[in-house]
Amino acid sequence: MKRNTLAVLLVTLSMGFSAQAQEIKAGAIKIENAYTRATAPGQQVAGGFMKIENKGVADQLISASSPVAGEVQLHEMAMDGNVMKMRQVKDITLPAGGAVELKPGGFHLMFINIKAPLTAGETVPVKLKFAKAGEVEVKMRVNAMDTGHGGAMKH
């Protein structure tokens with residue numbers, strides 16, 4: 001009995017880790033750890049984050065879309081003097097043989113006009129479009145809301 005319980009626990013834990021360590025490959029592009037955060041009722045925006053590796057020639061992430069939002073934009077946060085500013089960008093360059101991390105405080109996806117609250121534990125489908133690699137479907141996990149100020153994005 002104890003052996004079966006332990007086996008079930010190990011399988012459950014490994015499934016949890018694999019869900020959190022999601023990896024998508026499309027040609028030379030590899031996407032890891034795609035996530036967003038849960039939103040409060042009425043919240044209209046949320047950020048999307050992931051690591052994108054490019055094992056091939058230089059490419060660009062040129063757009064994103066998701067059925068959970070009216071629009072998904074590519075954004076960058078950067079310091080302008082002493083002020084952190086967020087702005088929409090036309091594309092995000094993926095250097096040949098390099099990687100780009102979409103993260104709070106830097107490049108990220110911005111979900112705008114969210115149609116329903118994003119709930120922790122669910123996944124959000126997102127279609128990424130690359131200039132050379134084409135379209136890639138990613139399932140972003142929804143993490144619990146950030147209760148602290150570290151990395152929280154306000155728009």
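Is Lys-55 buried or exposed? I looked this up before anything else. Lys-55 is exposed, with a relative accessible area of 61%. I keep in mind that this is a predicted model.

**Entry: the partner of Lys-55**

I went from Lys-55 to its charged partner. Glu-53 forms a salt bridge with Lys-55, and the closest N and O atoms are 3.2 Å apart. Glu-53 has a relative accessible area of 14%. That is under 20%, so Glu-53 counts as buried. For Lys-55, 61% is over 50%, so that residue counts as exposed. I noted the contrast: Glu-53 is buried, whereas Lys-55 is exposed.

I then asked which residues are linked with this pair in a network of salt bridges. The network holds Lys-30, Glu-32, Glu-53 and Lys-55.

**Entry: Lys-30**

Lys-30 is buried, at a relative accessible area of 15%. I listed its contacts, leaving out residues up to four places away in sequence. Lys-30 touches Glu-23, Ile-24 and Lys-25, and also Lys-51, Ile-52 and Glu-53.

**Entry: other salt bridges**

How many salt bridges does a search of the whole structure find? I got seven. I wrote down two more of them.

Arg-87 and Glu-76 meet through their side chains, at 2.8 Å from N to O. This pair links distant parts of the chain: Arg-87 lies in strand 6 (residues 83–88) and Glu-76 in strand 5 (residues 69–80), 11 residues apart. Arg-87 is partly exposed at 49% relative accessibility. Glu-76 is buried at 18%.

Glu-135 and Lys-127 also form a salt bridge, at 3.8 Å from N to O. Lys-127 is partly exposed, with a relative accessible area of 35%.

A reminder to myself: side chains of opposite charge can pair when their charged atoms come close.

**Entry: Ser-65**

Lys-127 turned up again when I checked Ser-65. Ser-65 is in strand 4 (residues 59–65). Ser-65 is partly exposed, at 37% relative accessibility. Setting aside neighbours within four places in sequence, I found Ser-65 in contact with Val-72, Pro-125, Val-126 and Lys-127. I also took a C-alpha distance. Ser-65 and Lys-129 are 64 residues apart along the chain, and their C-alpha atoms are separated by 8.6 Å.

**Entry: strand 3**

Why is strand 3 (residues 45–54) largely enclosed by the rest of the structure? Eight of its 10 residues are buried, so the strand is largely enclosed.

I went through its pairings next. Strand 2 (residues 29–37) runs antiparallel to strand 3, and six bridges join the two. Thr-36 has Gly-48 of strand 3 as its bridge partner. Strand 9 (residues 107–114) pairs with strand 3 over four bridges, in the antiparallel sense. There, Val-45 has Ile-112 as its bridge partner. Strand 8 (residues 99–102) is antiparallel to strand 3 too, again over four bridges. Lys-51 stands opposite Glu-101 of strand 8.

**Entry: aromatic rings**

I searched the whole structure for aromatic pairs and found one. The rings of Tyr-35 and Phe-49 have their centres 5.1 Å apart and their planes at 40 degrees, so the pair is tilted. The pair links distant parts of the chain, with Tyr-35 in strand 2 and Phe-49 in strand 3, 14 residues apart. I checked the accessibility of both residues. Tyr-35 is buried at 18%. Phe-49 is buried at 1%.

**Entry: the whole chain**

I closed with the overall numbers. The chain has one helix and 11 strands. Along the sequence, the pattern is α-β-β-β-β-β-β-β-β-β-β-β. Of its 155 residues, 35% count as buried. The chain exposes about 9,000 Å², and carbon and sulfur atoms supply 56% of that area. Among contacts between residues at least 6 apart in sequence, 66% join residues at least 24 apart.

Notes: Residues numbered from 1 in each chain as written. Predicted model: local features only at pLDDT ≥ 70, side-chain atom pairs only at ≥ 80, totals over all residues. Heavy atoms only, no water. Buried < 20%, exposed > 50% of the residue type's maximum accessible area, 1.4 Å probe, protein only. Pairing = 2+ DSSP bridges. Contact = heavy atoms within 4.5 Å. Areas by Shrake-Rupley, 256 points an atom, 1.4 Å probe, with all protein chains shown as cover. Salt bridge = Lys/Arg side-chain N within 4 Å of Asp/Glu carboxyl O. Phe/Tyr/Trp six-rings, centres within 6.5 Å; stacked < 30°, edge-to-face > 60°.
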